[in-house]
Amino acid sequence: MTSAEQEDFHLIDEVDTEFVDMIKNTGGPNIQSCYQCGTCSGSCPAGSRTNYLVRGIIRKALLGLKEEVISGQELWFCTTCYTCTDRCPQDVKPTDVIKAIRNVAVAEGYMLEPHQKVAQKVLEAGHAVPLDKESWEKLREKVGLPPVPPNASSHPEAIEDIKKIAKKTGFDKLVADKEE
């Protein structure tokens with residue numbers, strides 16, 4: 001066994017079945033149907049450009065390696081394109097499993113900063129990519145579009161509703177900067 005293989009080698013006395021149950025209850029009910037065929041990883045567009053392996057995350061989750069799974073940044077490489085879900089021969093729904101694990105991770109304080117910033121932007125402006133009002137209004141009008149796009153930018157009441165929902169569910173605290 002090479003040193004790289006030894007680093008990834010885990011001796012497990014007992015599987016943390018609570019973690020598997022948590023995933024099942026959070027949106028990945030079919031995780032235990034996975035038999036590690038690799039179809040998900042082999043068809044993943046993100047995996048072809050990064051070290052992201054859907055199969056690896058699911059395997060570690062099934063082994064109960066909760067801390068390793070929820071703290072790993074590769075958990076956030078999934079673009080939720082659902083290619084793996086479409087092709088999974090066991091109906092594991094790998095994308096849903098990844099999203100369920102992300103929910104557990106966020107609840108326990110793990111989230112990549114770019115994802116956190118996008119969530120904060122949604123809470124602030126009602127949209128993940130808000131437009132700089134002054135520069136975009138003129139450009140939009142110049143090409144015959146209304147000055148404000150038909151998203152939350154043109155509906156301030158929707159932004160307030162988003163903030164209320166986030167506060168009521170605690171989402172605002174989940175995505176807040178840790179210094180706050």
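This is a predicted model: local features need pLDDT of at least 70, side-chain atom pairs count only at pLDDT 80 or more; totals for chains, interfaces and linings use all residues.
**Entry 1. Domains**

I started with the overall layout. The chain is divided into domain 1 (10-107) and domain 2 (113-175). I looked up the distance between the C-alpha centres of domain 1 and domain 2, and it is 31 Å.

**Entry 2. The core**

Next I went to the nonpolar core. The largest one has 29 residues. Which residues have the most contacts inside it? I listed Phe19, Ile23, Ile31, Tyr52, Ile58 and Ile101. H2 (17-26), H4 (54-62), H5 (66-71) and H7 (94-107) each supply at least two of its residues. H7 gives the most, with 7 residues. As a general note, nonpolar side chains tend to be buried together in soluble globular proteins.

Isoleucine 23 is then in contact with Gly28, Ile31, Ala61, Val97, Ala100 and Ile101.

**Entry 3. Helix H7**

I checked the length of H7. Its 14 residues reach 20 Å from the first C-alpha to the last, and this is close to the 20 Å expected at 1.5 Å a residue.

The buried set is Pro94, Thr95, Val97, Ile98, Ala100, Ile101, Arg102, Val104, Ala105 and Val106. I noted that Arg102 and Thr95 are in that set along with several valines. The buried residues of H7 pack against H2, H3 (39-43), H4, H5, H6 (83-87) and H11 (171-174).

I also looked past the end of the helix. Glycine 109 follows H7, and its phi is positive, near 95°.

**Entry 4. H8 against H10**

I moved on to domain 2 (113-175). In general, two packed helices are described by the angle between their axes and the distance between the axes. H8 (residues 113-125) and H10 (residues 156-169) pack at an angle of about 125°, with axes 7 Å apart. That angle makes H8 oblique to H10. On the H8 side I found Val122, Leu123, Glu124 and Ala125. They meet Ile159, Ile162, Lys163 and Ala166 in H10.

Just after H10, glycine 170 takes a positive phi of about 85°.

Lysine 163 sits in H10. I logged it as partly exposed, because its relative accessibility is 34%. Leaving aside neighbours within four places in sequence, lysine 163 is in contact with Leu123 and Glu124.

Most residues other than glycine have a negative phi.

Tyrosine 82 has a positive phi, near 70°. Tyrosine 82 is in the loop between H5 and H6. With a relative accessibility of 28%, tyrosine 82 counts as partly exposed.

Lysine 93 has a positive phi of about 60° and is not a glycine. Where is lysine 93? I found it in the loop between H6 and H7. Lysine 93 is partly exposed, at a relative accessible area of 28%.

Last, I compared positions. Lysine 163 and tyrosine 82 are 81 residues apart in sequence. In space, their C-alpha atoms are 29 Å apart.

Key. Residues are numbered from 1 along each chain as its sequence is written. Side-chain values use heavy atoms; hydrogens and water are left out. A nonpolar core is a set of buried Ala, Val, Leu, Ile, Met, Phe, Trp, Tyr and Cys residues joined through side-chain atoms within 4.5 Å. Buried means under 20% relative accessible area, exposed over 50%, partly exposed in between (1.4 Å probe, protein chains only). Helices (H or I, at least four residues) and strands (E, at least two) are DSSP runs, numbered from the N terminus. Contact means heavy atoms within 4.5 Å. The expected span of a helix is 1.5 Å times one less than its number of residues. Domain bounds come from an automatic or database domain assignment. Axes are lines fitted to C-alpha atoms, for helices over the stretch in contact, and angles run from 0 to 180 degrees between N-to-C directions. Angles under 35 degrees count as roughly parallel, over 145 as roughly antiparallel, 65 to 115 as roughly perpendicular and the rest as oblique.
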